[in-house]
Amino acid sequence: MFAAGRTSLLLLMVLLAGTVPAAHAAPEIGIGENNDALFADPLFAPLGVKHVRVVVAYDVVAAAQRGDDELARVTRYLTGAAAGGHEPLVAFEHSRGDAHACARDAALPQCRLPSPAEYERSFRAFRERFPQVRAFTPWNEPNHQTQPTASSPEAAARFSGIAARECPGCTIVIGDVLDLPDATRARRPTYRRAERWIGRFRAALRTPREVCGLHNYSDVNRFRFTGTRALMGALGCRRYWLTETGGIVRSRGLGHDPDRQLPAVRHLLRAAAAEPAIQRVYLYTWFGGVTPQWDSGLVLRRGDGTTVARPAYELVRRRLAGAAPPPAPFEAELRQLTDVALPAWVALQTPLNVFANPSAAERAKGFEGFAPPMLMYALQRTGERQGDPARIAAATRAWPYAVAPDHASPFDIIAAAYALRDLTLTPDLRTHT
């Protein structure tokens, strides 16, 4: 009985072992960035990143013949990638131009959906120009409203077939869809519209679904993975690359919050590592602080072109086991410290538009609030540099209450002089200052 029981126990353990998921490697990490200055940034090389992604107009070669200069950027980008040993993933999209303008004028070139023949000619021209590229996304975010493929999943499917036929042996990343929930702020969002789009896409697709792309910003920055899993199920692919994802500091749909990025990237890497089918993650973007509409950069790019690593950068560096970055110059460290400290002063602004005095001893003497020019200069200067309207507004409200000239200290006078030189002030404020 004992021997039989032991045999049964061993058999049960073997059977149970088969239900335990096998260990799998964490996804590779790449960087999505369209600016070729990426490769010259001293913070980039220490990461040891192998994969990069760039978005390009599908007709970039033909556009160059019409005088457009995007091809020069793409050439510099792919040359820089090759020099650094980085494998590029090229994602095509609409013709060059602001796609948000299509809501006002659908006749603009960037709003027009190319025919299969036009797309084939453009793809072939790109391949002839850059034969070293071996990984393509036929169309970037084809289900997004700014793309002409949003109303035609069938066209996106045809473009995928053309790319696969024109580049045999290449990696063709199918789909590349965005995780658009039916209601963005829903606690338990559904994805019926995105799933219907994918259903039509799959019905027209004649290309094997070996690698599919997903962009899951909505999931990652709301600390969930439901949309990612839902769209993975709808696509039904063997492998997945998160070809655009990352922690958002600022976007059209999410307010400015520098503290969101680090936990969002941490959540992303943990959740992706728990999904064996997700084999690669491209973090977008590299440079932050460049435009007021979008900021998800791992580094902050300053006005002079230098960069400062954000906390999420260090998380990614450790995940990649990259080398330590070169030490930041004192000026960069000082700016980073200022950027971190100043938001607290915005919160201290009183209804009288001065700043609450943090010194209990001075408050006891009746000095409840003050408006030092050096503080307002720092608030407005960093607000203009980072595109932060809250800091600019706080400074603008306080400037009329700055210390009077006959009571000004040398520091106050210096700050006023710098404000006149550097800041965007209204005529009334310039006169007052």
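This is a predicted model: local features need pLDDT of at least 70, side-chain atom pairs count only at pLDDT 80 or more; totals for chains, interfaces and linings use all residues.
Helix α5 runs over residues 153–166 and has 14 residues. At 1.5 Å a residue, helix α5 should span 20 Å. Its end C-alpha atoms are 20 Å apart, which agrees. The buried residues of α5 are Pro153, Ala155, Ala156, Ala157, Phe159, Ser160, Ile162, Ala163 and Glu166. An α-helix has 3.6 residues a turn, so residues three or four places apart point the same way.

Helix α9 covers residues 261–273 and holds 13 residues. From its first C-alpha to its last, helix α9 reaches 18 Å. That is close to the 18 Å expected at 1.5 Å a residue. Its buried residues are Gln261, Ala264, Val265, His267, Leu268, Leu269, Ala271 and Ala272. The packing partners of these residues include strands β1 (28–32), β7 (239–245) and β8 (278–284). Helices α7 (217–220) and α10 (311–320) are also among the partners.

The whole structure contains 22 salt bridges. One of them joins arginine 280 to glutamate 28, with the closest N and O atoms 3.3 Å apart. Arginine 280 lies in strand β8 and glutamate 28 in strand β1, so the pair ties together parts that are 252 residues apart in sequence. Arginine 280 has 8% relative accessibility, so arginine 280 falls under the 20% limit and counts as buried. Glutamate 28, at 35%, is partly exposed.

A second salt bridge connects the side chains of arginine 76 and aspartate 36, with an N to O distance of 3.3 Å. This pair links distant parts of the chain, 40 residues apart. Arginine 76 belongs to helix α3, whereas aspartate 36 sits in the loop between β1 and β2 (51–57). Arginine 76 is partly exposed, with a relative accessible area of 46%.

Arginine 66 is exposed, at 60% relative accessible area. Aspartate 59 is buried, at 9%. Elsewhere, salt bridges that share partners join Glu120, Arg124, Arg165 and Glu166 into one network. Glu166 is also listed among the buried residues of α5.

Histidine 86 occupies the loop between α3 (70–84) and β3 (87–93). Its relative accessible area is 13%, so histidine 86 is buried. A polar atom of the histidine 86 side chain lies 2.7 Å from the backbone oxygen of valine 49. Beyond its neighbours within four places in sequence, histidine 86 is in contact with Phe39, Phe44, Val49, Lys50, Val52, Gly80 and Ala81.

Most residues other than glycine have a negative phi, and most peptide bonds are trans. Glutamate 141 has a positive phi of about 45°, although it is not a glycine. Glutamate 141 is in the loop between β4 (135–137) and α5. With a relative accessible area of 12%, glutamate 141 is buried. Asparagine 353, also not a glycine, has a positive phi of about 70°. The loop between α11 (330–347) and β12 (355–356) holds asparagine 353. A cis peptide bond joins tyrosine 284 and threonine 285, with omega about 0°. Threonine 285 is in the loop between β8 and β9 (287–288).

The surface carries a nonpolar patch. Met374, Phe411, Ile414 and Tyr418 form this patch, with about 400 Å² of accessible area together. Helix α15 (residues 410–422) gives the largest share, 3 residues. Phenylalanine 411 has its place in helix α15. At 60% relative accessibility, phenylalanine 411 is over the 50% limit and therefore counts as exposed.

Serine 409 sits in the loop between α14 (389–398) and α15. Serine 409 is partly exposed, at 27% relative accessible area. Alanine 101 is 308 residues from serine 409 along the chain. Their C-alpha atoms are separated by 50 Å.

Technical notes: Residues are numbered from 1 along each chain as its sequence is written. Side-chain values use heavy atoms; hydrogens and water are left out. Helices (H or I, at least four residues) and strands (E, at least two) are DSSP runs, numbered from the N terminus. The expected span of a helix is 1.5 Å times one less than its number of residues. Buried means under 20% relative accessible area, exposed over 50%, partly exposed in between (1.4 Å probe, protein chains only). Patches are made of residues with over 30% relative accessible area and no salt bridge: like charges are joined within 9 Å, nonpolar side chains (Val, Leu, Ile, Met, Phe, Trp, Tyr) within 5 Å. Accessible areas come from the Shrake-Rupley method with a 1.4 Å probe; for residues, only the protein chains shown count as cover. A salt bridge is a side-chain nitrogen of Lys or Arg within 4 Å of a carboxyl oxygen of Asp or Glu. A polar contact is a pair of N or O atoms within 3.5 Å; within protein, one must be able to donate a hydrogen and the other to accept it, and residues adjacent in sequence count only if both atoms are side-chain atoms. Contact means heavy atoms within 4.5 Å.
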